[in-house]
Amino acid sequence: MIKWLRRLRAAFGASFLWLVCLIYFTQGFRSFVWTAVSYQLKDTLKLSPSSSQFVFSIAFFPWSIKPLYGILSDCIPIKGRKRVPYLVIATVLSLVPWPILGLNAMSRSSMWLLMAFLTVQNLGSAMADVVVDAMIAETVRHERASFAGDLQSVSWLAMAFGGICGSLTGGFALSNFDIHTIFLLFSILPSIQLLSCGLVEENSVDSEAFAESKLRSSQGVNGNHSSLDEESFSEKKSNTSITRRKKSKKGSKNKTVSSKVQVSGKLDSLASQWFQSLKAATFSLCRAFKQPIILRSMAWFFLAHISIPNLSTVMFYYQTEFLNLEASFLGTARVVGWLGLMLGTLVYNRFLKRMELRRILMWSQLGLAFLTLLDIVLVSRVNLTFGISDRIMVLCGSALSDAVNQFKFMPFLILSGQLCPPGIEGTLFALFMSINNLGSTLGSFVGAGLASVLSISSGSFDNLLLGIVIQVLCIFIPIAFLFLIPKEATGISA
């Protein structure tokens with residue numbers, strides 16, 4: 001493991017590797033504060049499961065429009081740089097809401113204000129995720145393509161490690177600190193991330209080359225006119241002083257008008273260049289999207305989300321209200337889930353990269369169906385008949401389900417990095433992740449709708465078993481659409 005990290009550091013540089021790992025670690029450590037948000041919605045604001053699901057769905061909506069951030073960072077440089085300035089903006093957006101929520105009681109006591117601040121925070125986190133994904137794609141494509149899987153793996157391992165730390169400390173923090181203190185403590189990590197943005201050097205993009213060439217051309221023309229004026233003046237040096245003053249004033253006015261025209265022309269040419277860049281990026285994105293490995297894979301992954309109702313919020317209420325599981329234990333369960341994610345990443349990178357995607361995804365869906373049966377056993381209380389505690393059931397379900405989900409996720413990330421065309425790395429990565437996040441959000445709405453239809457609410461879980469049975473049956477739907485995945489596609493080749 002240490003030798004592997006040393007190889008990556010030698011290949012990509014210590015500062016770049018540090019920033020990537022820090023950003024992904026922060027993304028994972030968000031479990032530290034979002035567990036507190038869940039309890040804030042349930043215990044302080046007294047929201048129902050469907051209302052809490054609504055708040056989370058709206059708050060996480062910025063993750064569904066990530067192509068917008070990708071297009072901005074790909075096509076509109078800030079002071080000649082495409083990545084670091086946007087990373088700074090994103091970090092500021094993800095940092096500012098937490099101190100406000102921690103210091104202002106009214107902001108966290110109103111559902112709408114809390115939802116607004118959480119949405120801004122997710123806007124910053126989503127933008128940072130897009131930018132760092134684009135930086136990874138650029139580095140892999142231009143410098144060390146052979147390290148594509150390794151760099152993506154170390155990124156996810158950093159996020160998993162952050163998730164483990166966040167889940168462990170989050171449960172402890174909920175038992176020992178007020179929620180507003182947890183909000184303030186979490187703001188430390190984005191602050192470190194903001195300072196770390198200055199460690200990474202980025203080559204300047206010559207975004208003003210066209211405007212400068214036009215400016216030089218304009219200056220050349222103005223210079224010719226000046227020399228002509230001088231010749232005319234030498235030929236007419238017998239003119240009166242009044243005539244010379246008139247010409248001087250006229251020349252001054254012409255010079256002022258000329259400078260204004262130059263500035264206006266420079267702005268127009270820069271806007272035109274941005275428009276052409278956006279247009280070229282759109283066409284490149286369309287060409288990339290037509291590749292079967294991308295289009296059909298994204299379609300399948302989106303379908304796999306929306307066809308399965310997400311009952312995670314309902315299960316959170318069930319575990320805390322009916323099973324009376326405390327926050328510290330749920331934090332431990334999430335740690336086991338992150339360990340499962342790390343296990344899934346390592347197993348995939350070691351054994352599954354050359355396996356056909358269809359086989360990986362089919363077995364992943366079957367595994368998820370089997371693991372959801374554990375929820376049926378838990379809710380039906382059959383586990384107690386065999387002397388298996390509720391805690392063991394929750395721990396096993398968290399670890400294995402996260403590992404299986406990672407088997408589905410890793411291939412698409414690696415393939416997206418290898419297939420993205422030059423200049424639209426951020427956009428293509430963002431498009432894939434937005435489809436994933438939008439599908440997940442729609443799946444959450446489907447789950448909230450199912451819970452509403454079955455009258456599942458806080459303190460009323462009589463029909464939860466039926467809801468989980470429906471969820472198990474829906475897991476088999478994506479298997480019928482595996483033909484969308486190109487038959488020859490594997491985790492390392494298109």
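The side chains of glutamine 53 and threonine 313 are joined by a polar contact of 2.5 Å. A polar contact here is a pair of N or O atoms within 3.5 Å; within protein, one must be able to donate a hydrogen and the other to accept it, and residues adjacent in sequence count only if both atoms are side-chain atoms.

Before I continue, a note on the source. This is a predicted model, in which local features need pLDDT of at least 70 and side-chain atom pairs count only at pLDDT 80 or more, while totals for chains, interfaces and linings use all residues. Residues are numbered from 1 along each chain as its sequence is written, and side-chain values use heavy atoms, with hydrogens and water left out.

To return to glutamine 53: this residue lies in helix 4, residues 49-59. Helices are DSSP runs (H or I, at least four residues), numbered from the N terminus. Glutamine 53 has a relative accessible area of 7% and is therefore buried. The classes are buried for under 20% relative accessible area, exposed for over 50%, and partly exposed in between, with a 1.4 Å probe and protein chains only. Apart from neighbours within four places in sequence, glutamine 53 is in contact with Thr313, Ser444 and Ala448, where contact means heavy atoms within 4.5 Å.

I turn now to the salt bridges. How many does a search of the whole structure find? The search finds 3, a salt bridge being a side-chain nitrogen of Lys or Arg within 4 Å of a carboxyl oxygen of Asp or Glu.

One of them joins aspartate 43 and lysine 42, at 2.8 Å from N to O. Aspartate 43 has a relative accessible area of 35%, so it is partly exposed; lysine 42, at 10%, counts as buried.

Another pairs aspartate 390 with arginine 381, at 2.8 Å from N to O. Here aspartate 390 counts as buried because its relative accessibility is 14%, whereas arginine 381, at 23%, counts as partly exposed.

There is also the bridge between arginine 391 and glutamate 326, at 3.0 Å from N to O. This pair links distant parts of the chain, 65 residues apart: arginine 391 sits in helix 20 (residues 390-419), and glutamate 326 in the loop between helix 16 (312-322) and helix 17 (327-352). Arginine 391 is partly exposed at 34%, and glutamate 326 counts as partly exposed at 35%.

Next, a helix pair. The axes of helix 11 (residues 179-186) and helix 12 (residues 188-196) come within 4 Å and cross at roughly 15 degrees. Axes are lines fitted to C-alpha atoms, for helices over the stretch in contact, and angles run from 0 to 180 degrees between N-to-C directions. Angles under 35 degrees count as roughly parallel, and helix 11 and helix 12 are therefore roughly parallel to each other. Leu184, Leu185 and Phe186 of helix 11 make the contact with Ile188, Leu189 and Pro190 of helix 12.

Finally, helix 5 and aspartate 129. Helix 5 (residues 66-75) is mostly covered, with 7 of its 10 residues buried; Lys66 and Asp74 are among them. Aspartate 129, in helix 9 (residues 111-142), is buried because its relative accessible area is 8%. Which residues does aspartate 129 touch, not counting those up to four places away in sequence? They are Gln27, Trp63 and Lys66, and Lys66 is one of the buried residues of helix 5.

Terms used:
Helix = DSSP H or I, 4+ residues; strand = E, 2+ residues; numbered from the N terminus. Parallel < 35°, antiparallel > 145°, perpendicular 65-115°, else oblique.
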